[in-house]
Amino acid sequence: MLAEARPPGKIGLNAAGVGCCLNAIKCRGVDASKLPVHFALRRVLESPSRKAAVEAIKRVGVAGSGHILVGDSTGSTGLECTSKWVKEVVMDAENKVFHTNHLLLDKSDVDEVPWLTDSRPRLARIRELVSRVTDPDVDALAELFKDTEGYPCSINRRQEGESVAQTLFTIVMDLTAKSARVTFGRPTEAHGKTVLSF
């Protein structure tokens, strides 16, 4: 798994080939009776399958907001989480799930705080880029994260001008092979790479 400074590890895969990623989302409200989002990610990594992980997170709930992408060799499920609910973003007709930093599903009962205005354009851009990929292997998918359309608020993000954040790392997983490639730094300015595998 990968972790940033201070919070527990959150993004990665386990020996059963279950992987998870996180998109930050800002909604008002916290429910202390549910799992903090980083603990929910850990729960995914303790699961034997995507199905078991999704069931566990839906059963226990998440204390705050975020999007957790859960996958294994059978496919992927997005979990939009708020302090009030966990809802599934299911694979589309081409067995793909796309998400950035805003809620896609009905949010009429939550207060989502406007945050990254580039979230919607980045979502449209990654959908467009993926539609051009004919052989979706690790190399081809890793190339997509180098995209700078909308710079500095691009998929390959830089903390500059209006962009308050920057890409710290990129992870591309092959959950059938139970491995992941991690690139540290912006993908066009990588300062290290490693492979996680079982």
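Guide: Start with one term: buried means under 20% relative accessible area, exposed means over 50%, and partly exposed lies in between (1.4 Å probe, protein chains only). This is a predicted model, where local features need pLDDT of at least 70, side-chain atom pairs count only at pLDDT 80 or more, and totals for chains, interfaces and linings use all residues. Residues are numbered from 1 along each chain as its sequence is written, and side-chain values use heavy atoms, with hydrogens and water left out.

Visitor: Is Arg-125 buried or exposed?

Guide: Arg-125 is buried, at a relative accessible area of 11%.

Visitor: How do I read a salt bridge?

Guide: Side chains of opposite charge can pair when their charged atoms come close. Here the term means a side-chain nitrogen of Lys or Arg within 4 Å of a carboxyl oxygen of Asp or Glu. The structure holds 18 salt bridges. One of them joins Asp-31 and Lys-34, at 3.7 Å from N to O. Asp-31 is partly exposed, with 23% relative accessibility.

Visitor: Which residue forms a salt bridge with Arg-125?

Guide: Glu-128 does, with the closest N and O atoms 3.2 Å apart. Both residues sit in helix α3 (residues 119-131), three residues apart, so about one helical turn separates them. Helices (H or I, at least four residues) and strands (E, at least two) are DSSP runs, numbered from the N terminus.

Visitor: Where does the chain of contacts go from Glu-128?

Guide: Glu-128 also forms a salt bridge with Arg-132, and there the closest N and O atoms are 2.3 Å apart. Glu-128 is partly exposed at 32%, while Arg-132 is exposed at 52%. Shared partners join Arg-125, Glu-128, Arg-132, Asp-147 and Glu-149 into one network of salt bridges.

Visitor: What is a pocket?

Guide: On a 1 Å grid over the protein atoms alone, a pocket is an open set of points with protein on both sides within 12 Å along at least five of seven lines. Lining residues have an atom within 4 Å of a point. The second largest pocket holds about 150 Å³ of space.

Visitor: Which elements line the second largest pocket?

Guide: Those giving two or more residues are α4 (138-144), β6 (169-174) and β7 (179-184). α4 gives the most, with three residues. The lining includes Asp-139, Lys-146, Thr-170 and Arg-181.

Methods: On a 1 Å grid over the protein atoms alone, a cavity is a set of points where a 1.4 Å probe fits but cannot get out, and a pocket is an open set with protein on both sides within 12 Å along at least five of seven lines; lining residues have an atom within 4 Å of a point. Grid points are joined across faces, edges and corners, and a volume is the space filled by probe spheres set on the points.
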